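Open the model in your viewer and get your selection tool ready. We will go from stop to stop together.

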Amino acid sequence: MTNEKYPYEIKAVKMEVEGTAHKFPVIVRIGPKGYVFPENFKHSAADIYNMEVRPSDVFVASFPRSGTTWTQDMVWLIASNLDYERALKVPLTERYAFLEFFSSFNDEMKMKLLDANKDDEAKLKEVKLLLKPATEILETTPSPRFIKTHLPLSLMPRKALEAKVVYVARDPRDAIVSLHHLVNSMKFMSMDEDFKAFWKSVLNNFQPWTPYFDHVKEAWEMRHHPNMLFLFYEDMRKDLPSVVRRVSDFLGKKYNEEEIARLCDHLSFDNFKKNPSVNYDLIKEIGLMYADKDFVRKGKSGGWRDYFDEEMIAEADKWIEENLRDTDLRFPSMQ
Ligand code: A3P
């Protein structure tokens, strides 16, 4: 299905036909790269693609589990004159619209969530916010608007680069380990699938937001665009102050060394983990995530080594080598 409003073909695929178990029995594959999304995304893809973009908009984009939340709070604070009071008071989920998240829920999931929270006004408000199309929320959001997305650049609003886009990438082996933890932490995604099976399903492009390398390479190719800033999670871990300086320059802000040091302390893993404004405790409270799991989890680089056996290491080496052959993209963790 393509039309004048949407340039990509959207193909619905039954997962059983592709021979794999999946939480989403039907997915869609979009465009020539076949990006995978839950079926419901087909209803919002064109609205997102054609959404009105304001020059003051700031997008934070990534493949999931690449340090998005960390980048979001950093970007928001830098853009908002280091307003810690608001950053600590207003949850990240309210400071940013999550562009495609609402489309992950089918009708049954929506009913369950609404029903589970019907007796608590505050939680019900949160659920309704999550389920409302972000494009609608954004219509009435005052500028500057902050937008989170895991869409690859080609599926983002086509005018996104008329605003500012910060893209963060992470060693895929760590991102995939982290994604497996997340998937098994979410009540509506949990598959009880072991890591090896999950790894294979990412390699075979069965999981939402894959193919991984196309996602990252699309952003990498645009990294010199004046409205694009490309970051690596590993650089943030190694030298956060210099990343803060780059983001500040990109957003036209200037902070002194003392201010940068305070921001890095606010963004440190230990402080992040206990900061309810960013640690997604809210999604536990509304019953989306199991209470004993953590969204902000370990915050390490190279932790994938504990999860890969020899066969998986060889598969990863081959996958990475093949996908980096036609590009000058190099991950800091692979040099
Ligand atoms: P791990 O699961 O490897 O710990 P996203 O926000 O894109 O979902 O990314 C989540 C990953 O970023 C998780 O990785 C999480 O722990 C890590 N993370 C979140 N905040 C962090 C911080 N302040 N410092 C380092 N890593 C952080």
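Predicted model: local features only at pLDDT ≥ 70, side-chain atom pairs only at ≥ 80, totals over all residues.

Residues are numbered from 1 along each chain as its sequence is written, and side-chain values use heavy atoms, with hydrogens and water left out.

**Stop 1: the sheet.** Select the 5 strands that form an open sheet with parallel pairing, in the order S5-S6-S4-S7-S8. Strands here are DSSP E runs of at least two residues and helices are H or I runs of at least four, numbered from the N terminus; two strands pair if DSSP finds at least two bridges between them. At the edges, S5 (97-98) and S8 (228-232) each pair on one side only. Now pick S4 (residues 58-62) and S7 (residues 164-169), which are joined in the parallel sense by 5 bridges. Ser62 has Val168 of S7 as its bridge partner.

**Stop 2: helices on the sheet.** Angles run from 0 to 180 degrees between N-to-C directions, and axes are lines fitted to C-alpha atoms, for helices over the stretch in contact. Next, show H12, which lies across S7 and S8 and runs at about 170 degrees to S8.

**Stop 3: a helix pair.** Keep H12 (residues 240-250) and bring in H2 (residues 68-79): the two pack at about 55 degrees, with axes 10 Å apart. To see the contact, display Trp70, Met74, Val75 and Ile78 of H2 with Leu240, Val243, Val244, Val247 and Ser248 of H12.

Stop 4: Most residues other than glycine have a negative phi, and most peptide bonds are trans. Which residue pairs are joined by a cis peptide bond? One is Ser143 and Pro144, with omega of about -5 degrees; Pro144 is in the loop between H7 (134-139) and S6 (146-149). Another is Thr210 and Pro211, with omega of about 5 degrees.

Then select Trp209, in the loop between H9 and H10. Trp209 is not a glycine, yet has a positive phi of about 75 degrees. Finish at Arg65, between S4 and H2, where phi is positive at about 70 degrees.

Technical notes
Contact = heavy atoms within 4.5 Å.
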